[in-house]
Amino acid sequence: MNLQVGGRIQLITHRTLRPLQHFSTVIGWVKDEYMIVKIPMETSGPISLTEGDKLTVRVFSGVNVCSFSTVVQRVFLRPLMYAHVSFPNDIQGTSLRAAMRVKVEIPAKLVRDDGSHASVFLVNLSVSGALIESAQPLSREGETVQLDFTLLAPPDDRQVRINTPVLVRNATVAQSQKIEGKEVFSYGVQFTNLDPAHFTLLQNLTYEAMLADRQKIV
């Protein structure tokens, strides 16, 4: 599982009809006894945790996702804001292929070195790159440009802006499926310096699609 102190994890609470996802940090653990995790924060303060609450924990490591069930053993509120949860007995692992992409429809902006920019659409996303479409020709293969778009982060659908360099890997032209007689220009791009927090967000997007709607997987 490659669990590390200070590592970012996802806590899923099951107190409501719809499970809620929160991000947390591993503080430490005592093997076979308990783990210590930071209590996730919301806009109004820490999330509600009580002894006996059942949680699901996800740990992202590279393109692997490990998950396990746990129970809250003890809660330490202000000023410490951490909790003891039971040490996992059974851990399940899932491999996310680097090329596994999720279908999306996200407006974005592509910015070149000379400052010129163009509006585009992201039609699929992965931890390694994206496929973008445009109504006009854009960059050449091998060119590095900036890609600017926004994702919604759980649990409260907070907007997270991603502005990252990408390398144009391939370009194709096809007939638009939406407008008859129109051409659409498609570009496969590779992330070259993605922020680790944004990488985790994309991992979660892929993992959620695997669990909830595999038809979105390309």
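Here is a short tour, stop by stop.

Before clicking, note that this is a predicted model, where local features need pLDDT of at least 70 and side-chain atom pairs count only at pLDDT 80 or more, while totals for chains, interfaces and linings use all residues. Numbering starts from 1 along each chain as its sequence is written, and side-chain values use heavy atoms, with hydrogens and water left out.

Select A108 to begin. A108 sits in strand β10 (residues 102-111); strands are DSSP runs of E, at least two residues, numbered from the N terminus. A108 is buried, at 10% relative accessible area (buried is under 20%, exposed over 50%, partly exposed in between, with a 1.4 Å probe and protein chains only). Now show its contacts (heavy atoms within 4.5 Å): beyond neighbours within four places in sequence, they include L122, L147 and D148.

D148 and R161 form a salt bridge, with the closest N and O atoms 2.4 Å apart (the term takes a side-chain nitrogen of Lys or Arg within 4 Å of a carboxyl oxygen of Asp or Glu). D148 is buried at 12%, whereas R161 is exposed at 55%.

How many salt bridges does the structure hold? There are 3. D53 is buried at 11%; R15 is partly exposed at 47%.

Last stop: K31 and D32, bridged at 3.7 Å. D32 is exposed at 61%, and K31 is exposed at 58%.

Technical notes:
Helix = DSSP H or I, 4+ residues; strand = E, 2+ residues; numbered from the N terminus.
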